[in-house]
Amino acid sequence: MMFRRTGRTSVLLSGAIAAAIALHWPAVVRADVPIEQIEGYNDPTDPTPTEYAPIDFNGSSTVTVSGGVYNGITFNAINGDTDTYSDHADAVGQLIYGTNAVGNPYVANVYAVEADSFLTDIVDPQPALSDDGPAPGTFVGGSEVINNSYVADLSQSTPVPLSNLDGLRRLDFMIQQADVTFVAAAAVNSTDLAGTYMDWAAYDSLAVTGANTDFQPGNGSPGKTHADVSLVALASFATADVSGYVAGLYGHAQAAGQTSALHDVVMRSLIMAGADKTNYARQTVNNLSISIGAGYADYANSLSILNFGQQPILPISSGNIAGSVTSNPQGWAYGAINAGTQDAVLFHTNTSIDGITASLNWDVTQSQPAPGEIDTTDAGTIFPTLGPEVRPVTLVSGQYVLGASLGDATLQSYLPANTDNVEYIYSTSTLPAGNYAFMITGDPNLTASVGFSYILALPPEWNVNSAGDWNNSMNWADRTVPNGVDQVATLGAVSMSAHTVFTDTPITLGTLNFNNANKYALVGAGSLSMQVSSGSAAINVDQGTQEINLPLTLVSNTIATIQSGATLIIGDPMTLNSGITLNVTGGGTMNIESLVNLGSGSSISVADGTSLMGDSAIATGAGSLPVLVNGTMDISQMSLDLNLQSAADGQYVVVDYADGGNIIGEFASIDGLPPGAVIDYGGTTANPESIVVVVPEPTSLTLVMGVGILALRRRQSIGR
């Protein structure tokens, strides 16, 4: 549901309530992030502002709830204390600070405010713009998050009257003065919601669209012409969810002592930079979608940005920047961008960059010609214009020198003056590893306090030039430990010498990439499994000699691509589950130095130009075709255990090299042959160019399919 206002008349819009996503949070000491909840009252025939609160005050102006979803929260009635309960306000409240809301542990006080009274008595829109009109009122003292789950218009006249513009400018003034995060439901279309620009179109609001309206701000909006974020829910409840996210961010920032984050411009930037890009389309000059803004609000992403911490905003002087770069792939900043200056947030990556998201936010306000007055005319509007851009920087003599523009429109955002107070960067362009700056160009004449948040999309790549623990997120470029079905991990260019990467717990991957001339050795008391949800897992060795010195299990079919001149050492037991195929290709060498266990029906295929060798061997059961050699296989130091103490008479292929493969030597030792059986290296009439086990007649023994064991010496790995 969502309320629409036409002057003093309220119309309840029908619609099914979307299921709210419940985000559970552990109990903590309740912080104090005061919420002002502005709601339209339910009964349009009732001349008094009743039925506007999440609870029934029953004649008391203040109620502290004991038990239930609002346990421990104190509610304050601002516009009446009888017949106050609204099911809509209750549903909204549960999403902001109810038991399952992320804002819950941090909200101790809620101020219930009736919407019409807020508009007419507090915002106090005037019939026309004025350079000396009465100043608006204020939000309830101490409030940090304002939830505004209704939309309104002040008249049905066309074009939108100046009273709407005057009201929005007053609201911007109120938000900037109080430094509150004003989260507003955004809904406007060409029919029943025509003209509904209050209050979401205020520039300083965080405008949230939902799934229940055809959002068409068009050219009629007197203020903002796009959403900031969206959620798949009715607009009222999408707004409530986002208000809960903001309350959670305030609470976390308070608990962590991140006082600079406690500003509306930072909160807006955190929410927008963290937005999910599903259904996102670049439609505005500042890289936003009209209907969903930066995308779908994602609390986990925004909280992650906050937790990575504050980064300094550094002045740029004659193209030089004094300071240090951060290697954090996420972060935020707060500070003043002085008039006529350029500033920067510096960052560094050891890996390529797959994408960048950043949000620069600031406030718009109005001047005051005298105490108690406000100038809502164009001349009285204080509207800075800023612009961010990603630039390379080079370290020279202890300072970073700003490089030229990269010439990529997605890595910059520059709006015409007085157009918007958010500049957004969303780029999927690939950038090489190196040093960079988020350069912020200030307004020529106005100083602005800004909030800035960013996320770098980095590959899951090892990020330290040293040995280290696989399971330490700080060792990975994107600060995420790769471990799971389909996940990708790259051991790449950062290492300047041979290093070990160790794990004492099991790791599962879909793709493992080695790309360094220096050796990486995977070691430890853990294990490695290769598994994908579809297709084949992959082990890719682009260069160097690399080693997997962990027990290796192929749960899915796996392609090992080893480039010419490169080598992959399998230093611990390798198991192919039943029916699994390992394809070794690329022209390089796989060196097997430990046990290989082949499950029933599993096989190893060696492609043309690729070598399979080592001081281990192949283990298999009869009746399978385990090794198809198109390249070269050196078996001169390999042992073979067929585990065939009994087998029916016949010929059992162990190695097939009929398609041009090359076999070097003979097996160093052979175990597990049934009585009378022999190995024929030259193939037979039935199986030419193969290595086969020939079991002569007569025999009545039963064929046994076993798990083969290849056991030989193990190479000593690099120590941790």
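A residue is called buried here when its relative accessible area is under 20%. By that criterion, 57% of the 720 residues in this predicted model are buried. The secondary structure of the protein comprises 51 strands and 6 helices.

The largest pocket has a volume of about 410 Å³. Its lining consists of 26 residues, and those closest to the pocket centre are Tyr-203, Phe-383, Asn-418, Thr-419 and Asp-420. Helix H3, spanning residues 162-178, gives the most to this lining, with 4 residues. By residue class, the lining of the largest pocket holds 12 nonpolar, 9 polar and 5 charged residues.

The second largest pocket has a volume of about 340 Å³. Of the 24 residues that line this second pocket, Asn-301, Gln-330, Ile-455, Leu-456 and Ala-457 lie nearest its centre. Two or more lining residues come from each of helix H6 (299-308), strand E17 (355-362), strand E23 (422-427) and strand E25 (448-457). The lining of the second largest pocket divides into 10 nonpolar, 9 polar and 5 charged residues.

How values were computed. Residues numbered from 1 in each chain as written. Predicted model: local features only at pLDDT ≥ 70, side-chain atom pairs only at ≥ 80, totals over all residues. Heavy atoms only, no water. Buried < 20%, exposed > 50% of the residue type's maximum accessible area, 1.4 Å probe, protein only. 1 Å grid on protein atoms, 1.4 Å probe; cavity = no way out; pocket = protein on both sides within 12 Å on 5 of 7 lines; lining within 4 Å. Points joined across faces, edges and corners; volume = space filled by probe spheres on them. Nonpolar A, V, L, I, M, F, W, Y, C, P; charged D, E, K, R; others polar.
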